[in-house]
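The sequence and structure come first, and the details follow.

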Amino acid sequence: MRISIYIISLALFFAAVGCASRPSEYEKLEVEAPIFPDYAGVTIPARIAPLNFNVDGAEKVWVDVKGSIGGEMSGSGDWAVFDIEEWGELTEKNKGGVLVYDVYAKKDGNWVKYKPFEISVSADELGEYGLTYRRIAPGYEVFSDIGIYQRDIHTYEEEAIIDHRSAPGECMNCHVSNRTDPRQMQIHFRGVHGATLVQVDGQRKLLNTVTDSTIANCMYPYWHPSGNYIAYSLNLIHQCFNESNHKFIEVFDKASDALVLDVRTNQLVLTPAIQTEDFESYPVFSADGKKIYYCTSKAYRGPEECDKIRYDLCVIDFDEETGHTANVADTLIKASAEGKSITHPRPSYDGKWLLYSEADFGVFPLNHPESELWLMNIATGERKLLKNANSDGAESYHNWSVNSKWIVFCSRRLDGVTNRIFITHVDDEGNSTKAFLLPQYNPKEYYENMIQAYNTPDFTLEKVELDIRPFIEELYSDKRIQVTIK
């Protein structure tokens with residue numbers, strides 16, 4: 001399979017490059033090239049897939065790339081196409097340096113040369129194999145064309161972990177690995193054969209997480225670093241629609257609680273402190289596993305009051321021996337007092353930062369154009385807006401690389417409707433770089449034709465292995481382990 005994909009990729013490469021050559025005569029312009037994606041000024045990890053790009057209105061393209069530390073290469077064709085091996089070697093050689101681009105474009109039969117631009121190559125590696133994410137139609141009424149995919153971040157190779165073809169009629173969501181390691185993995189399934197898959201070192205089990213003592217199925221999972229627990233919230237989710245508001249659809253909870261699943265015993269651990277009359281959602285374990293961060297809001301009743309729902313960021317101690325939390329939580333950020341709402345807390349795996357979304361209200365920042373990414377220094381409480389990573393579109397669904405230097409997230413900045421995957425680097429001071437769009441072989445063609453949206457992206461340390469045939473048989477058999485209350 002890999003060989004055939006490689007052969008096809010080579011054929012596409014040579015078809016795109018054709019017989020182009022560096023132009024000897026051209027008009028020199030003092031403006032940067034109108035390229036898509038906008039990669040000028042971004043920071044990338046070494047050996048990421050080549051940042052191919054299109055030049056607006058160009059018939060042919062020639063690009064020279066020179067490293068500040070050493071090495072050079074060229075890319076050419078109907079758009080800028082770079083050889084994967086050459087690109088990998090050049091970026092590896094220039095870690096901590098920059099790549100300088102000279103872009104030539106043939107327009108209306110004549111060549112022009114644009115003002116050079118630079119891309120920085122970080123000294124911080126991105127050691128993961130790639131990404132996992134869900135692809136789904138950017139609507140709200142169907143899930144017939146849906147799947148969870150993985151992508152080799154060093155090439156353009158993508159494959160389905162499970163999708164609508166292998167599991168028709170099932171809604172797959174809330175997939176998560178433990179600190180990007182897919183040997184401990186969880187996926188939710190909703191629909192006729194609904195279940196929660198928990199797979200550890202290839203051994204899997206299907207759970208029914210609804211009980212008489214809880215209000216809903218478990219969702220929004222997050223692994224404890226030990227692998228013994230998964231934090232969940234229980235959400236009664238509803239939608240409302242606005243006739244004139246720019247936020248056409250609003251997703252809100254009618255009730256929500258937080259709890260913990262003991263993976264070893266299939267028991268839910270209920271704790272009164274995080275199961276109150278208020279809303280509790282998005283619980284996540286701290287990097288050392290000794291605390292749970294979560295979001296909480298006063299309980300308003302939607303849809304007429306959904307714009308009043310604002311979530312604060314809280315933290316509570318967690319006892320790994322018992323699986324219980326403390327009796328009292330602390331409020332870290334009272335966002336409601338600032339007229340804001342915090343969701344999706346994500347602690348960096350080195351224990352230094354807490355990454356979160358902030359919007360004007362609500363629990364679902366995906367539909368909020370004003371939603372932005374923030375960092376909080378866990379030791380000092382200092383907060384910092386990730387200005388270079390954010391945009392005028394909604395930013396959401398963010399996760400860390402295992403070395404806590406890279407963030408992957410979704411953004412609607414391209415068209416205001418469809419989520420796309422972006423990556424940004426964060427330095428030791430919590431400063432972000434200009435985010436770059438996930439590379440594709442022919443980016444303009446790919447993103448113009450890709451009508452599905454991305455969500456819940458995460459880095460994966462290695463390829464996810466799910467033995468699909470026996471798993472589908474188990475899923476459709478409806479044999480489930482019923483979780484109990486501890």
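Helices (H or I, at least four residues) and strands (E, at least two) are DSSP runs here, numbered from the N terminus. The model is predicted: local features need pLDDT of at least 70, side-chain atom pairs count only at pLDDT 80 or more, and totals for chains, interfaces and linings use all residues. Residues are numbered from 1 along each chain as its sequence is written, and side-chain values use heavy atoms, with hydrogens and water left out.

**Backbone**

Phe 36 and Pro 37 are joined by a cis peptide bond, with omega about -5°. Pro 37 sits in the loop between strand S2 (35–36) and strand S3 (43–44).

Tyr 397 is not a glycine, yet its phi is positive, about 50°. Tyr 397 belongs to strand S29 (residues 395–400). With a relative accessible area of 12%, Tyr 397 is buried (buried means under 20% relative accessible area, exposed over 50%, and partly exposed in between, with a 1.4 Å probe and protein chains only). Asp 478 also has a positive phi, near 65°. Asp 478 is placed in the loop between helix H4 (468–477) and strand S34 (481–482), and is partly exposed at 42% relative accessible area.

**Salt bridges**

A salt bridge is a side-chain nitrogen of Lys or Arg within 4 Å of a carboxyl oxygen of Asp or Glu. The whole structure has 21 salt bridges. Three of them are listed here.

| Arg 135 | Glu 158 | 2.6 Å |

Asp 262 is buried, with a relative accessible area of 2%, whereas Lys 486 is partly exposed at 41%.

The bridge between Arg 135 and Glu 158 links strand S10 (residues 130–136), which holds Arg 135, to strand S12, which holds Glu 158, 23 residues apart. Arg 135 is buried at 11% relative accessible area, and Glu 158 is partly exposed at 30%.

Elsewhere, salt bridges with shared partners join Arg 47, Glu 92, Lys 95 and Glu 125 into one network.

Lys 113 lies in strand S8 (residues 110–115). Setting aside residues up to four places away in sequence, Lys 113 touches several others, including Tyr 26, Glu 27 and Tyr 104 (contact means heavy atoms within 4.5 Å).

**Aromatic rings**

Rings of Phe, Tyr and Trp (its six-membered ring) pair if their centres lie within 6.5 Å; planes under 30 degrees apart count as stacked, over 60 as edge-to-face and the rest as tilted. The count by this rule is 17 aromatic pairs. In one of them, the rings of Phe 36 and Tyr 447 have centres 6.4 Å apart and planes at 85°, so the pair is edge-to-face. Phe 36 lies in strand S2 and Tyr 447 in helix H3 (residues 443–449), so the pair ties together parts 411 residues apart in sequence. Phe 36 is partly exposed at 27% relative accessible area, and Tyr 447 is buried at 7%. Ring pairs also link Phe 53, Phe 82, Trp 87, Tyr 101 and Phe 117 into a cluster.

**Cysteines**

A disulfide is counted as a pair of cysteine sulfur atoms within 2.5 Å, and a search of the whole structure finds zero. The sulfur of Cys 314 is 8.2 Å from the closest cysteine sulfur, in Cys 295, too far for a bond. Cys 314 is buried, with a relative accessible area of 5%.
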